[in-house]
Amino acid sequence: MTDYEMHEPDFSGTTTEEWDEPQLEDFDISERSSDGQRDSDESRQTDDLSEVADHFILSSSGFPPENFTDLKLPVVDPDGNLNKNALQTAKSGGHGVGAVEDLDDDTQEEIEDMINELANDNFDDADFGD
């Protein structure tokens with residue numbers, strides 16, 4: 001069984017826009033560090049994936065993830081907005097928590113609770129259960 005790690009995503013706003021699962025190229029990740037110098041490829045990749053991982057609930061290799069493909073259940077768009085439709089997809093869609101392979105029942109329940117809380121706390125018209 002895969003040992004998944006979950007965390008609460010980081011977001012700066014909310015949206016109800018149509019949702020398409022983001023790809024790595026959708027994220028504006030810089031090629032330079034804050035001091036203007038080029039980072040090593042390995043260092044930059046770790047920093048970039050850490051930033052990208054803030055948009056996801058689950059990772060099969062921890063946070064920051066080893067690879068973009070380790071990230072599961074995106075709920076924050078590349079602009080940093082928590083997306084209500086993404087939460088709905090993460091909860092019950094074909095790419096949702098129930099479709100994640102090797103996820104134990106307790107972790108699935110914790111994730112569903114987090115999704116419900118994120119939706120109900122951040123969207124007035126959300127009715128995602130308790």
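Predicted model: local features only at pLDDT ≥ 70, side-chain atom pairs only at ≥ 80, totals over all residues.

**Entry 1: the order of things.** I started at the N terminus and read off the elements, which run β-β-α-β-β-β-α-α. That makes 3 helices and 5 strands in the chain.

Entry 2: Next I asked which strands sit side by side, and in what order. I found 3 strands in an open sheet, ordered E1-E3-E4, with antiparallel pairing. Strand E1 (5-6) and strand E4 (71-74) are at the edges; each has a single partner strand, so one side of each has no neighbour in the sheet. A reminder from class: strands of a sheet pair through backbone hydrogen bonds, either parallel or antiparallel.

Then I went through the pairings. E1 and E3 are joined antiparallel by 2 bridges, and Met6 stands opposite Leu58 in E3. On to the other pair: strand E3 (residues 56-59) and E4 are linked by 3 bridges, again antiparallel. I looked up two of the partners there. Phe56 has Pro74 of E4 as its bridge partner, while Ser59 stands opposite Leu71 in E4.

**Entry 3: a helix across the sheet.** What lies across E1, E3 and E4? I traced it to helix H3 (residues 105-122), which runs at about 170° to E3.

Entry 4: I checked how much of the chain is tucked away: of its 130 residues, 39% count as buried. The exposed surface comes to about 7800 Å², and carbon and sulfur atoms supply 34% of that. I also looked at how far apart in sequence the touching residues are. Among contacts with a separation of 6 or more, 59% are between residues 24 or more positions apart.

Entry 5: General point first: in soluble globular proteins, nonpolar side chains tend to be buried together. Here the largest nonpolar core has 22 residues, and Leu73, Val75, Leu87 and Ile111 touch the most other members. I wanted to know which elements give two or more residues to this core, and they are E3, helix H2 (84-92) and H3. H3 gives the most, with 5 residues. There is also a second, separate core of 7 residues, and its members include Phe27, Leu49, Ala53 and Leu71.

Skipping its neighbours within four places in sequence, I listed what Leu73 is in contact with: His55, Phe56, Ile57, Leu58, Ala90, His95, Gly96, Val97, Val100 and Ile111.

Entry 6: Last stop, Asp102, which I found in the loop between H2 and H3. Is Asp102 buried, partly exposed or exposed? Its relative accessible area is 41%; buried would need under 20% and exposed over 50%, so Asp102 counts as partly exposed.

What does Asp102 touch, not counting residues up to four places away in sequence? I got Met1, Thr2 and Tyr4. Asp102 and Tyr4 are 98 residues apart along the chain, yet 8.8 Å separates their C-alpha atoms.

Key:
Residues numbered from 1 in each chain as written. Heavy atoms only, no water. Pairing = 2+ DSSP bridges. Helix = DSSP H or I, 4+ residues; strand = E, 2+ residues; numbered from the N terminus. Contact = heavy atoms within 4.5 Å. Axes fitted to C-alpha atoms, helices over the stretch in contact; angles between N-to-C directions. Buried < 20%, exposed > 50% of the residue type's maximum accessible area, 1.4 Å probe, protein only. Areas by Shrake-Rupley, 256 points an atom, 1.4 Å probe, with all protein chains shown as cover. Core = buried A, V, L, I, M, F, W, Y, C linked by side-chain atoms within 4.5 Å.
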